[in-house]
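Here are my notes for you, written to be read with the structure open beside them.

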Amino acid sequence: MSGAADPAEEKDAKDEVRWRFKPRQLDITWGGDSKYWKMPEEGTDGPAELLEVVWLEINGSTPKPLPKGKKYALSFKISMAHNDPVWRTYPVYMLAKVGKKGTSNWEKINLGDMRVGDIIEIPSGKLRFTVPEKAKDTTLLFGLYELWGGKWKQGLRIHEAVVEEMPN
């Protein structure tokens, strides 16, 4: 992580848990270099804006283990600062994995049809997963990636990642 405080843990009216990870609470590859990413000012909730990278990799993890048998959903809130044709060719992939040796859940997402300025939640149905009853390590590891395409890309804004408990 980038050295920021843990994400805020919230509970809704049904006592279900939700964590919101702002950009400074995520590990954004090259996020510390202003040539590649424009990060929000310390203490603010603004988005991180991708200025230019070849390799997109954003990682996070829950600050504490998740309870076994519970269902969760992962999503990212993103927007585009401007159109970049590379997003029409190369999709991004989201990952949710419980524990270092757990099963990976992947979702492929095409960003090519996004309109500049619209804030959307990806994937549209959220990436859902269940914490296995037999898991030894129940910390959630998650991320947003672009598989190697070798093209420079820009314009993507990361507003937050959200992990929320779903009703059983």
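Predicted model: local features only at pLDDT ≥ 70, side-chain atom pairs only at ≥ 80, totals over all residues.

1. Let's begin with the fold.

2. Next, the overall dimensions. The radius of gyration of the protein chain is 16 Å, which agrees with the value near 15 Å that a compact globule of 168 residues would have. Along the principal axes, the C-alpha trace spans about 45 × 35 × 30 Å.

3. How much of the chain is buried? The share is 45% of the 168 residues. Among contacts with a separation of 6 or more, 72% join residues 24 or more positions apart.

4. The accessible surface of the protein chain is about 9,000 Å², and carbon and sulfur atoms contribute 48% of that. There are 26 positive and 25 negative side chains, with the centres of the two sets 5 Å apart.

5. Finally, have a look at K71, which sits in strand β7 (residues 71-80). K71 counts as partly exposed because its relative accessibility is 37%, between the 20% and 50% cut-offs. Beyond its neighbours within four places in sequence, K71 touches F129, T130, E164, E165, M166, P167 and N168. By contrast, D118 is 47 residues from K71 along the chain, and their C-alpha atoms are separated by 29 Å.

Note on methods. Residues numbered from 1 in each chain as written. Heavy atoms only, no water. Rg over C-alpha atoms; globule rule 2.2 N^0.38 Å. Buried < 20%, exposed > 50% of the residue type's maximum accessible area, 1.4 Å probe, protein only. Contact = heavy atoms within 4.5 Å. Areas by Shrake-Rupley, 256 points an atom, 1.4 Å probe, with all protein chains shown as cover. Lys, Arg positive; Asp, Glu negative; His and termini not counted. Charge placed at Lys NZ, Arg CZ, Asp CG, Glu CD. Helix = DSSP H or I, 4+ residues; strand = E, 2+ residues; numbered from the N terminus.
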